[in-house]
Amino acid sequence: MQYDVVVIGSGPGGYVGAIRCAQLGLKTAVVEKYKTYGGTCLNVGCIPSKALLDSSEHFHNAAHTFTTHGIKLKDLKVDMPQMIARKDDVVSQNTAGITYLFKKNKIDTFEGVGSFEDKNTIIVTKADGSTEKLTAKNVIIATGSKPTALPFLPIDKKRIITSTEALNIKEVPKTMVVIGGGVIGLELGSVYARLGTKVSVIEFMPSIIATMDAGLGKELQRVLKKSLGMEFFMGHKVTGATTKGKTVTVTADNAKGEAVSFEADYCIVAVGRTAYSEGLGLDKIGITVEERGKKIPVNEHLETTAKGVYAIGDVITGAMLAHKAEDEGIYVAETIAGQKPHINYNLIPGVVYTWPEVASVGQTEEQLKTAGVKYKAGSFPFKASGRAKASMDTDGFVKVLADEKTDEILGVHMIGPRAADMIAEAVVAMEFRASAEDIARICHAHPTYTEALKEAAMAATENRAIHI
């Protein structure tokens, strides 16, 4: 069967790229090895984790803040099977939505593992072992990533688990160890901490969310410890884990090099993700993956060394983010169609969906200092926000970094209520190369959380924030 484009993988990058190809009049097919579309994000990543985050946040508020709001409850308890069932329903709704979009856009779909016979021929190997061949003028590899495993720490998927299994625990554990203080570990750790689990985070680096602005990690650690009782063991190198009955024992060397151990009901290994590039037959089309991370090399147009074969999302270099993959899917579709799209990788926002939420775009203070860029910084705390006081969400702050001479915004970093949504204003402003003064002059509705961004911009420009 002849296609203009065959997309391997139906995650955020793959399905969005396929839809854009179809919109542009290209005959398109998608190859997906699983029975449902949406990849990690919709099935075992972004969407189900947010469903559990929201459910656990409702419970935590009911247990800890409702009385202050004048709402009295008694006999409050967690129905974990129902919480998991609701999460599963959310996933089903989203994956069914992609099925609908594929039909609407007349995209052909094939269930099976896609691999290259040559750069224009894809073999689809089905579950029963039968095969089917597709020919394509262009191929987009969108096979995503999988949780990174530590060679000395075998994952049994029962007590020593990854983020995937953590979405389906049917009871509230008494104790849990999370290995990794990055986005995935902190989000899932906070889900169970809200429900009453004693969560201990073991992190090799000296700070959590280490790739983001240092002030964000410091504040998030403080809040998670204060509000959820989470414990953090920084500078610890995990050396192994063993299971005996229903207890996991994690061993590590602390910052002083001393051997320490942690016991818990479950251990979540959340040390990152690795590109999923196995089984594609890349050697048959002359593509060699990078030794570290197994990522597929691409040029500035996201084209591999095989002409007409592109790769996007987690399987190539860069941040492993669903929205980055989506933009790359659209970019490649439009490139194939002869258009001249662009992506500004500096302006892809990063978000941590804990509560408070954390969001960031552009350069951090650490990056600006390393590059020798002279800048101004302005911050505004949510404890000075009228809207935040009304909702009892006063932890966190917004920080605006601007060029010392031109006042152009170079970075925006925030931790606080609805930061995941608020960051979009900063991204828009920076796409149009706005100055901090521009944000300061824009009228923001009162009372809203976004006023904190305006005040931080005012603080960055002549230190003139009003409400502090």
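Visitor: Leaving aside its neighbours within four places in sequence, which residues is glycine 182 in contact with?

Guide: In this predicted model, once the neighbours within four places in sequence are set aside, glycine 182 is in contact with Glu203 and Ile209. Glycine 182 sits in the loop between β9 (175–179) and α6 (183–195).

Visitor: Is glycine 182 buried, exposed or partly exposed, and how does one decide?

Guide: The idea is to take the relative accessible area and compare it with two cut-offs, since buried means under 20% and exposed means over 50%, with partly exposed in between. Glycine 182 has a relative accessible area of 25%, and it is therefore partly exposed.

Visitor: Where is leucine 186 placed, and how does its accessibility read?

Guide: Leucine 186 belongs to helix α6, and because its relative accessibility is 0%, it counts as buried. Beyond its neighbours within four places in sequence, leucine 186 is in contact with Gly181, Val201, Ile208, Ile209, Leu220, Leu224, Phe232 and Thr354.

Visitor: Which residues does UniProt list for "binding site"?

Guide: The unreviewed UniProt entry lists Gly180, Gly181, Gly182, Val183, Ile184, Gly185, Leu186, Glu187, Glu203 and Gly272. These residues span 93 residues in sequence, yet no two of their C-alpha atoms are more than 14.4 Å apart, so they gather at one spot. Of these residues, Ile184 and Gly272 are included in the lining of the largest cavity.

Visitor: How does one look for a cavity, and how many cavities of 30 Å³ or more are there?

Guide: Rolling a probe the size of a water molecule over the atoms shows where empty space is left. Here the count comes to 1 cavity of 30 Å³ or more, and about 40 Å³ of space lies in the largest cavity. Its lining is made up of Pro147, Ser163, Ile184, Val269, Ala270, Val271, Gly272 and Arg273, which by class are 5 nonpolar, 2 polar and 1 charged.

Visitor: What is the volume of the second largest pocket, and which elements each supply at least two residues of its lining?

Guide: The second largest pocket has a volume of about 820 Å³, and 31 residues line it, with Glu57, Asn61, Trp355, Pro356 and Asp393 lying nearest its centre. At least two lining residues each are supplied by α3 (46–64), α7 (214–228) and α11 (419–431), and the largest share, 7 residues, comes from α3. By class, the lining of this pocket has 12 nonpolar, 9 polar and 10 charged residues.

Visitor: What does the UniProt record say of residues 348–457?

Guide: The unreviewed entry annotates residues 348–457 as "domain: Pyridine nucleotide-disulphide oxidoreductase dimerisation".

Note on methods. Residues are numbered from 1 along each chain as its sequence is written. This is a predicted model: local features need pLDDT of at least 70, side-chain atom pairs count only at pLDDT 80 or more; totals for chains, interfaces and linings use all residues. Side-chain values use heavy atoms; hydrogens and water are left out. UniProt positions are given in the numbering used here, feature names are shortened, and annotations may be inferred rather than shown by experiment. On a 1 Å grid over the protein atoms alone, a cavity is a set of points where a 1.4 Å probe fits but cannot get out, and a pocket is an open set with protein on both sides within 12 Å along at least five of seven lines; lining residues have an atom within 4 Å of a point. Grid points are joined across faces, edges and corners, and a volume is the space filled by probe spheres set on the points. Ala, Val, Leu, Ile, Met, Phe, Trp, Tyr, Cys and Pro count as nonpolar, Asp, Glu, Lys and Arg as charged, and the others, Gly among them, as polar. Helices (H or I, at least four residues) and strands (E, at least two) are DSSP runs, numbered from the N terminus. Buried means under 20% relative accessible area, exposed over 50%, partly exposed in between (1.4 Å probe, protein chains only). Contact means heavy atoms within 4.5 Å.
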